[in-house]
Amino acid sequence: MSMSMMEDKQENRPVFEPHVSTVYGPVASWRFGQSLGIDLIRDVSTCSFNCIYCQLGDIQDKTMERRYFVSTEEVMADLERSNWQQADIITFSGSGEPTLALNCGEAIRKIKAFTQKPVMVLTNGTLLHQPEVQDDLMAADQVSIKLDAATETGLKQMNRPVAGVTLEKIVQGAIAFKSRYSGKVSIQTMFMPTNLKEVDALAELIRRIGPDEVQLNTPKRPYPLEWNVDSRGNHTGQADYPTVALRTVDPETADTIEGLLERKTGVPILSIYRKG
Ligand code: SF4
């Protein structure tokens, strides 16, 4: 639990003291320049995955249930107080899976109208098969879908999803969304020694989805031993809370994977090691 979090004894829910903003950054992103983060969840880390490399640490609320976490009014008030003018892009990410927030679509539309800046959503794709989630994402300029594993076993090992989530459902959701969406669709893949053996199968899934690009990443942030709201940001090993280092893929291996995926899929591959 974050040092800044106390418990409301009457309602038994966390209360932040002082106020923790739903807007953070801008932080430098290797892919997008200065990125302003929007956190529609904030109070308790909440996700349908519990990835072994998650910068939030062990997810506190593992769920597929969509609900309201923070009101859009509160997010807009936080946005107005932030340095949003300095951002190149607004990114929905934060303390878990953004599409779990029922006001995700409303927040995207309002923030885009207010800032006139491109909006991107980072999603794990587990809810993309739901037409109402697809509707919510329509106003975004870019949707980046996580796809680390290429087999059901790999998904369980790396992403540790809640019951009922399958890789095939995620892929079919991504295909259905892509067929309706006119913005840019990217696939973000985290490479660790665990999923190196799945490169060929991954290429096949990428071909099926047909994204505009693939972003190849490897863990650059240590794994926090407990959740801290500060881990939403861009720490690179200098975090002032307990963490453990993760095994990464070296630049030569990343280079080989990049070439292989590019040849097999024909899709442009961006690698964190080639960020320039
Ligand atoms: S999908 Fe994202 S927020 Fe959810 S557990 Fe994985 S890395 Fe963490």
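Helices and strands are here DSSP runs, a helix having at least four residues (H or I) and a strand at least two (E), numbered from the N terminus.

**Figure 1. Overview of the predicted model.** The structure shown is a predicted model. Its protein chain contains seven helices and 14 strands. Of the 276 residues in the protein chain, 44% are buried. Among contacts in the protein chain with a separation of 6 or more, 72% join residues 24 or more positions apart.

**Figure 2. Surroundings of the ligand.** The ligand is surrounded by Cys47, Phe49, Asn50, Cys51, Cys54, Leu56, Ile59, Gly96, Glu97, Asn124 and Lys146. Sorted by class, this shell holds six nonpolar, three polar and two charged residues. Asn50, one of the residues of the shell, is ten residues from Gln60 in sequence, and the C-alpha atoms of Gln60 and Asn50 are 9.0 Å apart in space. Gln60 belongs to the loop between strand 5 (46-47) and strand 6 (61-62). Gln60 counts as partly exposed because it has 18 C-beta neighbours inside 10 Å.

**Figure 3. The two sides of helix 1.** Helix 1 spans residues 72-81, and its buried residues are Thr72, Val75, Asp78 and Leu79. Viewed down the axis of helix 1, these buried residues fall within an arc of 120°, so they line one face of the helix. They pack against strand 3, strand 4 (33-38) and helix 2. The exposed residues Glu73, Glu80 and Arg81 are carried on the face of helix 1 turned away from its buried side.

**Figure 4. Packing of helix 5 with helix 6.** Helix 5 (residues 167-180) and helix 6 (residues 199-209) pack with their axes 9 Å apart and at an angle of about 30°. Angles under 35 degrees count as roughly parallel, and helix 5 and helix 6 are therefore roughly parallel to each other. Helix 5 contributes Val171, Ala174, Ile175 and Lys178 to the contact, while helix 6 contributes Leu205, Arg208 and Ile209. The residues of this contact comprise five nonpolar, no polar and two charged.

Figure 5. In helix 6, the buried residues are Leu202, Ala203, Leu205, Ile206 and Ile209. Seen down the axis of helix 6, they lie within an arc of 165°, so they line one face of the helix. The elements that cover these buried residues include helix 5, strand 10 (184-190), strand 11 (213-217) and helix 7 (251-265). Leu205 and Ile209 are buried residues of helix 6 that also take part in the contact with helix 5. Just after helix 6, Gly210 adopts a positive phi of about 65°.

**Figure 6. Ala150 and its contacts.** Ala150 is located in the loop between strand 9 (142-146) and helix 4 (152-158). Ala150 counts as buried because it has 22 C-beta neighbours inside 10 Å. When its neighbours within four places in sequence are left aside, Ala150 is in contact with Glu198, Ala201, Leu202 and Leu205.

Figure 7. Most residues other than glycine have a negative phi, and most peptide bonds are trans. The peptide bond from Gly25 to Pro26 is cis, with omega near 5°. Pro26 is placed in strand 3 (residues 23-29), one of the elements against which the buried residues of helix 1 pack. Gln116, a residue other than glycine, has a positive phi near 60°. Gln116 is found in the loop between helix 2 (104-115) and strand 8 (119-123), and it counts as exposed because it has 7 C-beta neighbours inside 10 Å. Arg160, also a residue other than glycine, has a positive phi near 40°. The loop between helix 4 and helix 5 holds Arg160, which is partly exposed, with 17 other C-beta atoms within 10 Å.

Technical notes:
Residues numbered from 1 in each chain as written. Predicted model: local features only at pLDDT ≥ 70, side-chain atom pairs only at ≥ 80, totals over all residues. Axes fitted to C-alpha atoms, helices over the stretch in contact; angles between N-to-C directions. Parallel < 35°, antiparallel > 145°, perpendicular 65-115°, else oblique. Contact = placed C-beta atoms within 7 Å. Nonpolar A, V, L, I, M, F, W, Y, C, P; charged D, E, K, R; others polar. Near = placed C-beta within 6 Å. Buried ≥ 20, exposed ≤ 12 C-beta atoms within 10 Å, placed from the backbone. Arc of directions from axis to C-beta.
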